[in-house]
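Let's take a walk through this chain together, from its overall outline down to a few single residues. Have the viewer open and turn the model as you read.

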Amino acid sequence: MEPNAPLASIDPSAGLATLGSQTTVPPEVHTWSAGMLWANVLPDMLIAAACLVIPLVLLRLASRRTDLRFNSLLVWTCIFILACGAIHAVEIWNLWHTHYWLEGGVKIAAAVAAVPVAVLLWRALPQLLSLPSQEQLRDTNDSLARANRELESFTASVSHDLRSPLTSIAGQAGLLELSLEPCSDDQRKRLQRIQAGVKQMSELIEALLLLSRISRHTLRRESVDLSALALEIAGDLQQQAPARQVEFSVPSGLWVHGDRRLIGNLLSNLIGNAWKFTGKLPAAHIELSLVNTGPMAEFRVRDNGAGFDMEHAHRLFKPFQRLHGPSEFEGTGIGLATVARIVERHGGRIWAEATPNAGAAFHFTLPTAPLS
Ligand SMILES: Nc1ncnc2c1ncn2[C@@H]1O[C@H](COP(=O)(O)OP(=O)(O)OP(=O)(O)O)[C@@H](O)[C@H]1O
Ligand SMILES: [Mg+2]
């Protein structure tokens, strides 16, 4: 089929000539060579196809990056680009037909969409300009990582240096006790308080050293049988306090992919907590279970012990934060901070649910396959 006569509208007087019977000038009708036809049709087709794809890309961007608050800009840009694509599609159509009202309508739609795009884009400009580049982000990450490393080695060296004066205090307190023999009850009590303080401080230092070691520890990833580790920890705990009535529920075949030593530490902290905070119950129940499967599987360690008020849950994973006093349950408050760091190093998440006097559940995610 030949492109129709209205193509003569390349010369606008041609259209008038056909419309107005008064016009005497005959329309100048251009004939289309095949080359001229394809030089118009092919680019129009490509532009129309691109205008279909670009909104899809923009919508995918909006759904993936919900943190970028440019939704209305993206929606209007999509409408604008689709309308522009439609103009090119209608232009191809009109090579053989004369639907200029249709073309005009689509152009009006594009013009209407162009206004909000321009306004919203102008408004979003400062925000867009302030988005950090990949290079800036990399630099910030590098300096943060450097600062963290320095802080961790500082913690490690301070903790290490604190050990020797503490040992000296403990030794001197022991010698003093001997030299005061026979010492009064009051003197003995004071010396015992010094020694208890020294013991508590060296436990804190040990815990701090452990925490800083976890951050610097190079992960040795392998398949780890979580069920076997949990049963081993449960067996050890039961051996230490055989009089306690604790029912452990551990399904077999729970596997994760990570550093065996760190994952053992994680489980022994969580199961150890469950054991400790069910210590006042005549019949305790501790359960390890798989909640969700997948490349990052979700596990749960649940107990029916003392629980805690969820209002304070945000403090749980920070070092030295305890929700129970030392008279109720002893501890240094570093266990969960260690657990959180181990989970984080494996790319997972940890959170807790609890009700006072009705038990606690700790959920965590760990990879089940090598990270790609
Ligand atoms: N299973 C649990 N049930 C109730 N409270 C818990 C449980 N696990 C942790 N908590 C609360 O969270 C606090 C922090 O736990 P974390 O393991 O860090 O310290 P800790 O057990 O007191 O001392 P440690 O450093 O010896 O582990 C606990 O003191 C306790 O108040
Ligand atoms: Mg603990």
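Residues are numbered from 1 along each chain as its sequence is written, and chains are lettered from A and ligands numbered from 1 in the order in which they are written.

Start with confidence. The chain has an average pLDDT (the predictor's confidence in each residue, from 0 to 100) of 88, and 92% of the residues reach at least 70. Residues 5-23 stay under 50, and the model gives them 26 contacts beyond four places in sequence; two residues are in contact if their C-beta atoms, placed from the backbone, lie within 7 Å. Where pLDDT is low, the predicted coordinates should not be read in detail.

Now zoom out. The C-alpha trace spans about 135 × 45 × 35 Å along its principal axes. Its radius of gyration is 37 Å, whereas a compact globule of 372 residues would have one near 21 Å; the radius is taken over C-alpha atoms, and the globule rule is 2.2 Å times the number of residues to the power 0.38. The domain assignment, automatic or from a database, gives domain 1 (32-130), domain 2 (134-216) and domain 3 (221-367). The centres of domain 1 and domain 3, over C-alpha atoms, are 55 Å apart.

The chain has 9 helices and 7 strands, which are DSSP runs numbered from the N terminus (helices H or I, at least four residues; strands E, at least two). In helix H4 (residues 100-130), the end C-alpha atoms are 44 Å apart, in agreement with the 45 Å that its 31 residues should span at 1.5 Å a residue; the expected span is 1.5 Å times one less than the number of residues. H4 also has a kink of about 45 degrees at Ala124, shortly before Pro126, where the bend is the angle between axes fitted to the seven residues ending there and the seven starting there.

What about burial? A residue is buried if 20 or more other C-beta atoms, placed from the backbone, lie within 10 Å of its own, exposed if 12 or fewer, and partly exposed in between. In H4 the buried residues are Val106, Ala113 and Val117, and helix H3 (71-93) is part of what covers them. Helix H9 (residues 335-345) has 9 of its 11 residues buried, so it is largely enclosed by the rest of the structure. Its cover includes helix H6 (185-216), helix H8 (260-277), strand E6 (350-355) and strand E7 (359-367).

H6 in turn has Ala207, Leu208, Leu211, Ser212 and Ile214 buried, with helix H5 (134-179), H8 and H9 among the elements covering them. Gln200 also lies in H6, but counts as partly exposed because it has 13 C-beta neighbours inside 10 Å.

Finally, look at the loops. Between H5 and H6 you will find Pro182, and the peptide bond from Glu181 to Pro182 is cis, with omega near -10 degrees. Asn357, in the loop between E6 and E7, is not a glycine but has a positive phi of about 60 degrees. Asn357 is exposed, with 12 other C-beta atoms within 10 Å.

How values were computed:
Predicted model: local features only at pLDDT ≥ 70, side-chain atom pairs only at ≥ 80, totals over all residues.
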